[in-house]
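User: Please go through the terms used for this model and set each value against its definition.

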Amino acid sequence: MTVNTPPADAPLLSARDVKVHLRVHGRVVKAVDGVDIEVHPGQCVGIVGESGSGKSTLGRAMTRLLPNVEIAELSGSVRFCGEDVLAMTPERIRALRRHRGLSMVFQDPLSYLNPTLRIDRQLGEALRHLPDRAVVREQSAELLRQVGLDDTRRILRLYPHELSGGMRQRVLIAMALAPDPQILVADEPTTALDATVQYQVIQTLRRLNKERNLAMLVITHDLGMVAELCDRVYVMNGGKVVESADVFALFDAPQNAYTASLLAAARRLHQTKALGVGPAT
Amino acid sequence: MSAPILSARAIVKSFGGRSWFGGGSAKRAVDTVDLDVNEGETLAIVGESGSGKSTLARILLGLVAPTSGTVAYQGRPVAEFGAADWAAFRKSVQPVFQDPASSLNPRMRVDTTLSYVLRRHGLATRATMDAEIAGLLASVGLDAAQFRDRYPHQLSGGQQQRIAIARAMAVRPRLIIADEPLSSLDMSVQAQVLDLLVSLKASRNLGLVLISHDLNVVDAISDRVIVMYLGRIVEAGPTRQVLGNPSNDYTRSLLAAKLVADPHVARARRIAMDAAPAAAPISPSNLQGAPQ
Amino acid sequence: MALDLVRRLFATRFGGIGVVILLAVSILSILAPFFASSGPEDIGSPSMLPPSWQHPFGTDSLGRDVRSVLLYAGRSSLTIGFCAAAMAFLIGGTIGALAGYFRGPLAAVLLRVTDLFHTLPAIIIVLFSVSLLGASFWLQVAAVALAIWPIEARLVYGQFITLSEREFVLAARAAGLSTGHLIFREILPNALPTVIVQVALDASTAILIEAGLGFLGLSDPTVPSWGEMLNRGQEFLELAWWMSVFPGMAICIAVLGFNLFADGVTEMFNPRATAAPPKLEG
């Protein structure tokens with residue numbers, strides 16, 4: 001395993017030797033088996049892996065959102081601003097999610113939005129901590145604008161099913177931004193979207209990362225997204241991190257055989273002849 | 001050039017539009033589409049959600065009847081087909097679907113699934129069945145001894161898709177219509193399955209209609225491209241031309257939105273776009289309130 | 001494959017218990033002559049005796065040993081349960097499958113017929129048929145089946161609608177496989193888990209309907225059944241509680257057996273349907 005030495009300042013979110021072993025159908029599955037991750041303030045870190053690599057499980061363990069499966073072992077330390085996330089009380093976690101803590105964005109926006117509430121109500125819930133209704137309305141509109149949805153008055157009055165997929169995902173990101181988080185954890189945030197919308201959402205995320213200095217942890221199988229968005233990349237396979245590097249270093253000179261094979265596969269798919277763009281094979 | 005294997009003229013497919021209480025207008029999933037597929041060529045159909053590409057695929061496969069328009073196989077309209085014609089058609093045109101898990105019967109073993117198809121078209125007898133199945137599995141890169149008695153849930157996504165391809169190849173078709181065959185697969189597996197399709201195509205002069213949203217793949221293997229938007233064809237032509245020098249805004253926006261697994265390219269493109277900001281890419285998903 | 005299914009059934013929370021109950025009840029009833037101390041017709045004992053060593057469940061107003069009658073009566077109640085459910089499945093399943101597979105005007109007609117039978121309360125249908133045609137045993141079975149088939153039809157219809165759009169069915173169509181193959185080899189096996197659950201529940205409903213009929217005195221008087229025992233026992237409720245309680249318990253246990261079996265099959269094929277709700281953590 002190759003790891004470049006991390007910078008001297010303390011990380012915002014870190015995982016040390018995290019293990020998540022699950023019990024499925026009587027057998028123990030080592031979904032995450034000793035993983036170290038670091039995200040520094042303002043950094044955009046990507047975790048890349050295929051299905052079964054454990055990346056989603058890691059993301060959920062780090063945000064205390066593991067699904068309702070039997071856990072055989074959950075060990076290691078996850079620290080946010082120095083505090084141990086895994087040992088936090090539920091109240092402390094909730095407080096973190098409400099203000100200046102961690103926010104999470106998932107893959108399928110339709111499942112994560114309440115279908116019976118209008119967007120303004122749902123954003124309002126995320127902005128509960130603000131003093132009065134007028135401020136909430138203003139802030140909701142502002143959040144929508146930040147994710148590139150300018151027609152705020154109309155959108156706030158709509159129900160989730162009346163929005164297109166791309167708009168829903170952006171609303172979800174807006175809701176994740178409401179508590180003014182220090183870090184956004186996104187698990188396959190654009191996989192279910194069309195190509196053009198995917199590109200726009202990725203650019204939105206990038207803008208938020210650079211302009212608001214919002215740290216991000218992006219979990220995805222898509223190397224294209226990682227190339228567009230991330231500063232640093234961790235590659236996961238079989239529950240372990242097999243390589244981690246600066247994004248340019250990783251793509252130019254992968255040190256690990258698995259990483260190299262992933263890149264080769266991506267390039268095989270992206271062999272372009274007419275366009276003249278794309279990596280030299 | 002010989003006549004096309006498959007051709008479609010003025011295909012329209014609309015849904016809804018009950019006239020009972022005067023409510024609801026019909027929605028056209030496919031809106032007046034013409035196309036031809038020639039022997040041995042790879043035609044790509046590109047579009048996003050709501051473009052009608054999957055509906056069109058099912059119409060071309062003869063699984064869904066169009067509201068109006070004709071599909072012709074070897075010059076003869078399928079609407080005039082008798083049982084024998086359909087049998088011949090089914091031997092010639094086969095599908096591969098997007099989600100390999102749902103394209104295999106969860107309660108059927110691999111060899112059972114393949115044997116029904118082989119038996120139906122008289123391609124194997126009881127005596128030759130095992131050998132035929134072994135041959136099919138080998139042709140898609142799977143070891144018969146290991147995989148013949150497995151159920152779909154015991155297979156990985158890539159293996160399931162290979163079985164689906166084996167089933168399609170069982171009847172020795174002339175044309176395969178593949179609807180997003182790679183989208184549900186992991187990236188490393190996508191490359192393998194793509195390679196498999198390419199080699200099968202080459203070895204048997206197979207025609208391929210590839211529906212895909214991934215322009216990189218389209219560029220890598222197709223001869224001609226059709227771009228669909230909201231049920232209509234907005235651009236069509238040789239791949240080099242359509243992707244290298246698009247004449248339609250929508251095609252241009254698709255190309256602009258393409259992700260490439262190379263951070264240098266990504267950065268270069270960002271710099272170029274900051275210098276000359278383009279209009280927001282057009283997309284069906286972007287137009288909330290557009291006729292859906 | 002079958003052995004594996006049985007194993008999985010026993011691995012569920014209650015499925016195994018349900019199967020055991022059904023097996024026990026069935027065996028006891030089928031082998032009634034071996035377990036009963038006297039025939040169902042024997043009225044030799046003194047009547048209205050409370051439970052004792054000689055008559056564990058007491059005797060009824062006619063002097064029959066309640067335990068023995070219970071076992072023999074189990075035969076008819078269970079037969080009605082299984083047979084009515086099977087008939088309902090055959091009628092309703094066929095109608096639902098045809099409507100769901102072929103759609104169009106045929107489906108419209110079949111669905112309206114289904115709705116018609118569905119809106120009539122089961123008891124009314126049964127009472128109507130029984131009063132019209134008499135209370136012979138098999139007529140009763142048919143009447144109960146008539147009352148419950150619409151539920152089966154709706155269920156199978158829904159399954160066929162969904163499954164016929166699934167890609168493996170489309171692929172089979174594209175391969176030129178026959179309609180019969182599509183219905184019986186592709187769609188039906190995948191509809192079975194849901195259907196089996198409904199059939200089990202139908203069986204328990206059938207037993208309850210039969211009990212109701214018997215209780216109202218409308219069942220075939222020549223065939224002992226649990227409902228009929230309840231009928232007999234109701235006027236002696238204060239004097240001889242055992243005449244009502246034991247048949248009542250038997251009905252409960254049989255119904256419980258079917259329901260637990262249904263739960264078990266549901267859990268087998270859809271484990272999350274019966275899982276505990278997720279523990280919300282912070």
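This is a predicted model: local features need pLDDT of at least 70, side-chain atom pairs count only at pLDDT 80 or more; totals for chains, interfaces and linings use all residues.

Analyst: Residues are numbered from 1 along each chain as its sequence is written, chains are lettered from A in the order in which they are written, and side-chain values use heavy atoms, without hydrogens and water.

User: Why are α3(B) and α4(B) called roughly perpendicular to each other?

Analyst: The axes of α3 (residues 110-120) and α4 (residues 129-139) of chain B come within 10 Å and cross at roughly 110°. Axes are lines fitted to C-alpha atoms over the stretch in contact, with angles from 0 to 180 degrees between N-to-C directions. Angles of 65 to 115 degrees count as roughly perpendicular, and the pair is therefore described in that way.

User: Which residues of α3(B) and α4(B) meet?

Analyst: Contact means heavy atoms within 4.5 Å; Val110(B), Asp111(B), Leu114(B), Ser115(B), Leu118(B) and Arg119(B) of α3(B) meet Met129(B), Glu132(B), Ile133(B), Leu136(B) and Leu137(B) of α4(B). By class, this contact has seven nonpolar, one polar and three charged residues.

User: What makes the nonpolar surface patch of about 700 Å²?

Analyst: The patch is made by Leu23(C), Ile27(C), Leu28(C), Ile30(C), Leu31(C), Phe34(C) and Phe35(C). Patch residues have over 30% relative accessible area and no salt bridge, with nonpolar side chains joined within 5 Å. Helix α2(C) gives the most, with four residues, and Leu23(C) is found in that helix.

User: How do you know that Glu142(A) and Arg145(A) meet in a salt bridge?

Analyst: The N to O value for Glu142(A) and Arg145(A) is 3.2 Å, and the definition asks for a side-chain nitrogen of Lys or Arg within 4 Å of a carboxyl oxygen of Asp or Glu, so the pair qualifies. Both residues lie in α5 (residues 133-146) of chain A, three residues apart, about one turn of the helix.

How values were computed
Helices (H or I, at least four residues) and strands (E, at least two) are DSSP runs, numbered from the N terminus. Angles under 35 degrees count as roughly parallel, over 145 as roughly antiparallel, 65 to 115 as roughly perpendicular and the rest as oblique. Ala, Val, Leu, Ile, Met, Phe, Trp, Tyr, Cys and Pro count as nonpolar, Asp, Glu, Lys and Arg as charged, and the others, Gly among them, as polar. Patches are made of residues with over 30% relative accessible area and no salt bridge: like charges are joined within 9 Å, nonpolar side chains (Val, Leu, Ile, Met, Phe, Trp, Tyr) within 5 Å. Accessible areas come from the Shrake-Rupley method with a 1.4 Å probe; for residues, only the protein chains shown count as cover.
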